Structure formats: structure tokens, C-alpha cells
Amino acid sequence: MDFASLVGIISGLALIISAIIMGGSSDVFVNIPGMMIVAGGTIAATLLTVQFKDVLNAFKGAFIVFTQDKTNQQEMIDTMLEISRISHRHGLLKVGNVESSSPVLKRACMLLAEAASEQVIRNTLQNEIDSLVARHYATQDVFRKMAAYAPAFGMLGTLIGLIQMLSELDNPEAIGPAMAVALLTTFYGSLLATMVFLPIAGKLKSRTLSEVTNLEIIREGCISILTNDHYMHVYEQLSSYIPAAKRKKIKAGQK
């Protein structure tokens with residue numbers, strides 16, 4: 001799992017559970033009907049808003065993001081520099097033989113090998129970027145919607161509990177416990193929104209920005225290679241995509 005995600009999940013849950021235990025009995029925080037209202041209502045409202053396959057794809061995408069390492073821009077720059085070496089030594093045709101796990105990079109290499117124009121390469125890779133952003137936005141939007149619905153259903157559960165409590169005003173001893181149960185659904189909704197759905201949406205957005213940067217490195221690298229830029233010119237152009245402190249130092253004479 002992504003280290004930052006692991007630390008965030010463990011520390012967040014640990015702090016909340018510790019606060020509950022230190023405050024007294026933890027049993028009062030368990031209410032099955034309240035959980036059903038919040039969780040069930042959130043899922044139902046989300047399914048009414050988006051298609052079922054989009055919800056499944058969103059959870060699959062979240063699983064992949066939290067279990068795979070973040071893409072590394074420096075590694076992608078090194079890959080493009082290696083492709084630049086191949087192009088200068090053996091010609092563009094050999095670039096088409098480059099093997100890569102990235103289908104976008106493989107497609108870009110094939111365009112270079114076919115001597116496609118700069119405009120064709122730029123438009124093709126920009127379409128890939130736009131398509132990726134659109135797909136990822138749809139995934140993020142599912143979790144943002146769930147983050148909006150969860151507190152709303154929490155408040156709905158609270159209103160249901162208050163109505164039930166007010167119907168028992170002739171029994172003063174039951175008002176306190178009933179009020180606690182009524183407020184639990186608001187707690188569940190807020191917990192799901194702030195501890196689960198919004199962080200997942202934020203992590204997905206962060207990963208999208210990282211992947212878009214990688215695709216931009218591929219696009220600009222391919223255009224530089226096509227125009228037969230010097231190896232160091234390719235490096236200088238692509239290195240601007242990462243912070244100066246993290247840039248790999250390359251000597252002018254290095255090949």
C-alpha cells in the first residue's frame with residue numbers, strides 16, 4: 001500500500017477510536033439502524049446519480065491507487081532520454097522496437113518510428129491526456145458525491161431519531177439515550193465523508209496529476225526527439241517537470 005495512505009488510515013482511525021474509548025463506553029457508538037440509514041442511503045443515492053458500472057470502476061480505481069506505487073517522473077525522464085539515445089544512434093525507425101509497460105509510451109514510439117508530424121504526435125498524445133483526465137474525473141466524482149450524501153443521510157437519520165424521541169416524552173429517562181442514538185447517524189455520516197470518501201477523492205486527484213505529468217513528459221520528449229534536439233536539450237526541457245532539488249544531474253558529455 002502507498003505509505004502515506006497507510007499512515008493516514010492508521011493514525012486517523014487510531015485517534016478517533018482512542019478518543020471514543022477515553023471518553024467512556026464505546027458501546028454507545030454502535031447503532032445498527034443508524035449505520036443502515038447512512039451507508040445504505042449513501043449507496044442508494046449514488047446509484048441513482050451514476051451508473052452501476054461507474055461505481056464499480058470507482059472502487060476498482062481506488063484500490064489500484066492505494067495498492068500501487070506512485071508513478072515516478074524522474075524514471076519517465078530517464079526513459080525518454082534513453083529513447084533519445086536510440087534515435088541519435090540508430091535512427092527513428094529503431095524507436096518503434098522500444099518495449100514498455102505503458103501503452104501510451106508504446107504508441108508514441110510507434111508514431112516516432114513512422115515519422116509522424118509534430119502536430120500529429122502533439123494532438124494524439126494530448127487526446128490521451130484529455131481522455132485520462134476525463135476517466136479519472138468520473139472516478140473522483142463518485143467519491144465526491146458519496147462525501148456529499150453521507151452527511152445528508154446522517155442528518156436524515158438524526159431527524160428520524162428525534163421524531164422517535166419526541167414521541168416518548170412521557171418517559172423522561174429515555175430521552176437522554178434516545179438523543180444519543182439520534183446523533184449517532186450524524187456522526188456516521190461525518191466520519192464516512194471526512195475519513196473515507198473525501199480522502200479517497202483527494203488521493204485519486206493527486207494520482208491523476210502525477211499521471212498527467214508523465215504523459216506530458218512523453219509528449220514533449222517525443223516532440224524533442226522528432227525535431228532531433230540534442231540529448232542535453234531534451235534533458236533540460238523535460239527536467240522542468242520535476243522540482244530542481246530532485247532533478248538527476250547529467251553531465252553535458254554523458255551519452
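**Close-up views of a predicted helical model**

View 1. Setting aside neighbours within four places in sequence, Thr-185 is in contact with Gly-34, Val-38, Gly-154, Gly-157 and Thr-158, where contact means heavy atoms within 4.5 Å. The model is predicted, so that local features need pLDDT of at least 70 and side-chain atom pairs count only at pLDDT 80 or more, while totals for chains, interfaces and linings use all residues. Residues are numbered from 1 along each chain as its sequence is written, and side-chain values use heavy atoms, with hydrogens and water left out.

**View 2. The ring pair of Phe-59 and Phe-143.** The structure holds 3 aromatic pairs, a pair being rings of Phe, Tyr and Trp (its six-membered ring) with centres within 6.5 Å, counted as stacked with planes under 30 degrees apart, as edge-to-face over 60 and as tilted for the rest. In one of them, the ring centres of Phe-59 and Phe-143 are 5.3 Å apart and the planes stand at 65°, so this pair is edge-to-face. The pair links distant parts of the chain, with Phe-59 in helix 3 (residues 52-67) and Phe-143 in helix 7 (residues 118-166), 84 residues apart. Phe-143 is buried at a relative accessible area of 0%, whereas Phe-59, at 40% relative accessibility, counts as partly exposed.

**View 3. The ring pair of Phe-187 and Tyr-188 and its cluster.** The centres of the Phe-187 and Tyr-188 rings are 5.9 Å apart with their planes at 55°, so the pair is tilted. Phe-187 counts as partly exposed at 28% relative accessibility, while Tyr-188 is buried with a relative accessible area of 8%. Ring pairs link Phe-29, Phe-187 and Tyr-188 into a cluster.

View 4. Buried residues make up 36% of the 255 residues, and the C-alpha atoms fill a box of roughly 90 × 35 × 25 Å along the principal axes. Of the contacts with a separation of 6 or more, 76% are accounted for by residues 24 or more positions apart.

Notes. Helix = DSSP H or I, 4+ residues; strand = E, 2+ residues; numbered from the N terminus. Buried < 20%, exposed > 50% of the residue type's maximum accessible area, 1.4 Å probe, protein only.
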